[in-house]
Amino acid sequence: MAGLAMAPTGQGFGALVEGLDIPRATGSELDQCRQWLFEHGALFIRGQELDPQAQIDFAEALGTIVVNRFFTPVPGFPKVAQLLTEPTQDWIIGENWHTDHSYDVVPALGSILYAVEVPPVGGDTQFIGMQPAYDSLPPDLKERIEGLMARHESAHIFAPSEAIRLEEAAERNDGNYMERAATYPEAVHPVVLSHPETGRKGLYVNPEFTTGIVDMDKEEGDALLQQLYDHILQPQFRYVWKWQPGSLALWDNRSTWHKAMNDHRGHRRLMRRITLEGVPLDQGARAAA
């Protein structure tokens, strides 16, 4: 692995990787990247030339791809989601703080986002580390949330856009899509998650998909979640990844939040995303069963 190097971001999570040529990466280099991903929560890599198939090959070398029906695929590559923002759009995909697929009973391991076309200014992605945020919680709050479970849902986010896709499916008589779209994933997971690979504790709630605390009334549960969010959103836990064409970010969804910056109106932004299948989070899987 001569030439492969890693440097922490300095924000308590995340690392910059240099010396990696993804299409020609060796097995040992990929193994090292997987280890760094679990240790640091996110990896940031520049200077890659990846067509959709090369991105798929990289993803499959790290894990199993899971397809999200709510995103438009890259034409000819159903395993790859296309995230396109046109210059006239007021909104962008992923502009609120979230964790990908937390609403699944088996949440995603990670996501791989590759920049094809970026605006001249803006369009960055912010990340927050859930493990350093947990580490710095006051002891009494750590004690209060230990063992609590939270509900994660998807309908309130995806139903409006799904209605349009259902109309399109009906027009093309795509009964398979309409059957898959009949329900929206939801799950229950621990508020404090011991990472499946490292055992390190981190927070596993997020403003987009977490809808309440199990066995706690809504007002009390919402107040507790807001207290956690206010703590997590402190600037010392954040890292901003400034995109360039050919840049790539690989993050562990069990360890991070992220959001796309909606600050580039008038400019096009084109990204490709692949999501990796995770493993059961034992407490959450048992509670949801």
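**Before you start**

This is a predicted model: local features need pLDDT of at least 70, side-chain atom pairs count only at pLDDT 80 or more, and totals for chains, interfaces and linings use all residues. Residues are numbered from 1 along each chain as its sequence is written, and side-chain values use heavy atoms, with hydrogens and water left out. Helices (H or I, at least four residues) and strands (E, at least two) are DSSP runs, numbered from the N terminus.

**Stop 1: helix α1**

Select residues 27–40, the 14 residues of helix α1.

Now colour the buried residues of α1: Glu 29, Leu 30, Gln 32, Cys 33, Trp 36, Leu 37, Phe 38 and His 40. Buried means under 20% relative accessible area, exposed over 50%, and partly exposed in between (1.4 Å probe, protein chains only). What covers these residues? The cover includes β1 (5–8), β2 (15–18), β3 (42–45), α2 (52–62) and β15 (248–252). Step just past α1 to Gly 41, with its positive phi of about 90°.

**Stop 2: two positive phi values**

Most residues other than glycine have a negative phi. Select His 101, in the loop between β6 (77–85) and β7 (110–117). His 101 is not a glycine, yet its phi is positive, about 65°. Is His 101 buried or exposed? His 101 counts as buried, at 4% relative accessibility.

Asp 215 counts as exposed, at 81% relative accessibility.

**Stop 3: a sheet of 3 strands**

Show β14, β8 and β16. They form an open sheet in the order β14-β8-β16, with antiparallel pairing. The edge strands, β14 (238–241) and β16 (256–260), each pair on one side only. Two strands pair if DSSP finds at least two bridges between them. Strand β8 (residues 125–129) and β14 share 4 bridges. Pick Gln 126: its bridge partner in β14 is Val 240.

**Stop 4: the cores**

A nonpolar core is a set of buried Ala, Val, Leu, Ile, Met, Phe, Trp, Tyr and Cys residues joined through side-chain atoms within 4.5 Å. How many residues does the largest one have? The largest core has 29 residues, and those with the most contacts inside it include Val 17, Leu 43 and Phe 58. Another core, of 23 residues, lies apart from it, with Ile 145 and Leu 225 among its members.

Zoom in on Val 17. Leaving aside neighbours within four places in sequence, Val 17 is in contact (heavy atoms within 4.5 Å) with Leu 4, Ala 5, Trp 36, Leu 43, Phe 44 and Ile 45.

**Stop 5: aromatic rings**

The structure holds 8 aromatic pairs. Rings of Phe, Tyr and Trp (its six-membered ring) pair if their centres lie within 6.5 Å; planes under 30 degrees apart count as stacked, over 60 as edge-to-face and the rest as tilted. Select Tyr 229 and Trp 257. Their ring centres are 5.6 Å apart and their planes at 65°, so the pair is edge-to-face. Tyr 229 lies in helix α7 and Trp 257 in strand β16, so the pair ties together parts 28 residues apart in sequence. Tyr 229 is buried at 8% relative accessibility, and Trp 257 is buried at 0%.

Terms used: Expected span 1.5 Å × (residues − 1).
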